[in-house]
Amino acid sequence: MTAATIAPTRLRLGLAALAVSAFSAFGTPAQARGPEGIADVAEKVIDAVVNISTSQTVEAKGGGGSNAMPQLPPGSPFEEFFDDFFKNRKGPGGGSKGGDNGPPRKTNSLGSGFIIDTSGVVVTNNHVIADADEINVILNDGTKIKAELVGVDKKTDLAVLKFKPPKPLVSVKFGDSDKLRLGEWVVAIGNPFSLGGTVTAGIVSAKNRDISSGPYDSYIQTDASINRGNSGGPLFNLDGDVIGVNTLIISPSGGSIGIGFAVPSKTVAGVVDQLRQFGELRRGWLGVRIQSVTDEIAESLNIKPPRGALVAGVDDKGPAKPAGIEPGDVVVKFDGKDVKDPKDLSRVVADTAVGKEVDVIVIRKGQEETKKVTLGRLQDPDKVQAAVKTDEPAPEKPVTQKALGLDLAALNKDLRTRYKIKDSVKGVVVTSVDANSDAAEKRLSAGDVIVEVAQEAVSSGADIQKRVDQLKKDGKKSVLLLVSNADGELRFVALSVQ
């Protein structure tokens, strides 16, 4: 079985013309054709949908000029033929006969977009125009105009372009994606395989789909046919309003198999507004590190049913610190919106205006508390610091105590040096982990520091054993540990006490 892949739907054109193959047609029952309003929607909005053409200078590979292999759509019937043909033309070592890689050459890409303002404002995907040397907008009647980039947001894969209209334009407006219902008919229009002005229809297959492609995933899933080249094109409801931007497909071959994803209009509208106003995104920032509330953690914190986002750490310079939010708090509501999991919190915080004061409801030791937080602005620091390891003589083996499948020791200067633990980290250091223990399964390792057990600070292995013994007497099945790494980053881990 061929594994399906998630792929952007931009089409990369090479030096050869697009090959089109015919496939057998299957009859479609009359009742499966969809509502009659699809034709009205297409006629109303088709002139607002544009093709996006980009060019980029790249270094030639495998020979320049006529020796360069054309790039064909995956699954093309000519793909295997050209592959064999060009392999046979290569000399020893895989290089082309009679030459080097040749001079840099220009490649072209095609995607889709749509006009949201008759002054010439276009929305598309970031991956459609990424790294482009030149961007052109092609109107439905074939008119080609050079466009300028207004701004991009890589996290939601959106971009805004601007061009000077040579004539009056047709624009479309955003609808309310929150009102979409499963099974509702939608219409996709775009430029699949450079076949501009293509209209397809289907239904909303799912909402709020998280496919782990970014930090704010909440896609609309549809079975409307979406292929390479549809990227950046609009997904319409039957009122002719844009309720999504077609962005990704799942496909083993690059062609549509009825699983496509669109960024919902609620997200798009907010991103586009900020890109037009600032040329960049200004997202809200709470200043906490969060993790999921597992069944074991929920049992330890007396949260039924498991829900919310567990605060594992609080930034000393973030907005949450002065508001009184602490590690161990579970955020269950933010600015009036329920928080079911960490992704919910990440999305709602990012969508909230910088500087806004909001109510954050947390569960602390089984009780709900409301904290007022004034949001800061999320920064995108480019930080990757490599740890520098130094060889040092092994210190004298510390006195340890066993508990929960761990060898534990009180922190001292030698242990801080051995594991490079910051002076600000307090607690009991793990010196060894039983490979067959629950602790090993939960990825605890030597050098981790246990800061709290059942939300009480500990300073020795004896403290930990005492807390574990008490929890066993109380009939608890698990114990909640607050664990720090050497740099002071915290996380919660629930271990079985049975």
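Let us start with Phe114: its relative accessibility is 0%, so Phe114 counts as buried, where buried means under 20% relative accessible area, exposed over 50% and partly exposed in between (1.4 Å probe, protein chains only). The model you are looking at is predicted, so local features need pLDDT of at least 70 and side-chain atom pairs count only at pLDDT 80 or more, while totals for chains, interfaces and linings use all residues. Residues are numbered from 1 along each chain as its sequence is written, and side-chain values use heavy atoms, with hydrogens and water left out.

## Aromatic rings

A pair of aromatic rings is described by the distance of the centres and the angle of the planes. Here, rings of Phe, Tyr and Trp (its six-membered ring) pair if their centres lie within 6.5 Å; planes under 30 degrees apart count as stacked, over 60 as edge-to-face and the rest as tilted. By this rule there are 2 aromatic pairs, shown in the table.

| Pair | Centre to centre | Angle between planes | Class |
|---|---|---|---|
| Phe114 and Phe174 | 6.1 Å | 85° | edge-to-face |
| Tyr219 and Phe261 | 6.0 Å | 55° | tilted |

The Phe114 and Phe174 pair links distant parts of the chain, 60 residues apart: Phe114 belongs to strand β4 (residues 105–117), and Phe174 to the loop between β8 (158–162) and β9 (185–190). Helices (H or I, at least four residues) and strands (E, at least two) are DSSP runs, numbered from the N terminus. Phe174 is partly exposed, with a relative accessible area of 24%.

Tyr219 counts as buried at 8% relative accessibility, and Phe261 counts as buried at 2%.

The charged end of Arg282 sits over the ring of Phe278, 3.8 Å from its centre; the rule asks for NZ of Lys or CZ of Arg within 6 Å of the ring centre and within 35 degrees of the ring normal.

## Nonpolar cores

In soluble globular proteins, nonpolar side chains tend to be buried together. A nonpolar core is a set of buried Ala, Val, Leu, Ile, Met, Phe, Trp, Tyr and Cys residues joined through side-chain atoms within 4.5 Å. The largest one has 29 residues, and Phe114 is one of those touching the most other members, along with Val123, Val172, Ile189, Phe236 and Val268. Two or more residues come to this core from each of α1 (37–45), β4, β5 (121–125), β8, β9, β13 (242–251), β14 and α4. Another core lies apart from it and has 20 residues, among them Ala403, Val453, Val479 and Leu495.

## Enclosed and open spaces

Both kinds of space are found on a 1 Å grid over the protein atoms alone: a cavity is a set of points where a 1.4 Å probe fits but cannot get out, a pocket is an open set with protein on both sides within 12 Å along at least five of seven lines, and lining residues have an atom within 4 Å of a point. Grid points are joined across faces, edges and corners, and a volume is the space filled by probe spheres set on the points.

The count comes to 1 cavity of 30 Å³ or more. The largest cavity holds about 100 Å³ of space. Its lining has 10 residues, and Tyr219 is among those nearest the centre, together with Thr156, Tyr216, Asp217 and Val263.

The second largest pocket has a volume of about 920 Å³. Of its 30 lining residues, Ser218, Lys266, Arg347, Val348 and Asp351 lie nearest the centre. The elements giving two or more residues to this lining are β10 (198–209), α4 (265–278), β19 (337–338) and α7 (342–351).

## Backbone details

A cis peptide bond joins Lys304 and Pro305, with omega about -10°. Pro305 is found in the loop between α5 (295–301) and β17 (309–314).

Asn208 has a positive phi, near 55°, in a residue other than glycine. Asn208 lies in strand β10 and is exposed, with a relative accessible area of 56%. Leu404 has a positive phi as well, near 60°. Leu404 sits in the loop between β23 (401–403) and β24 (406–410) and counts as buried, at 19% relative accessibility.
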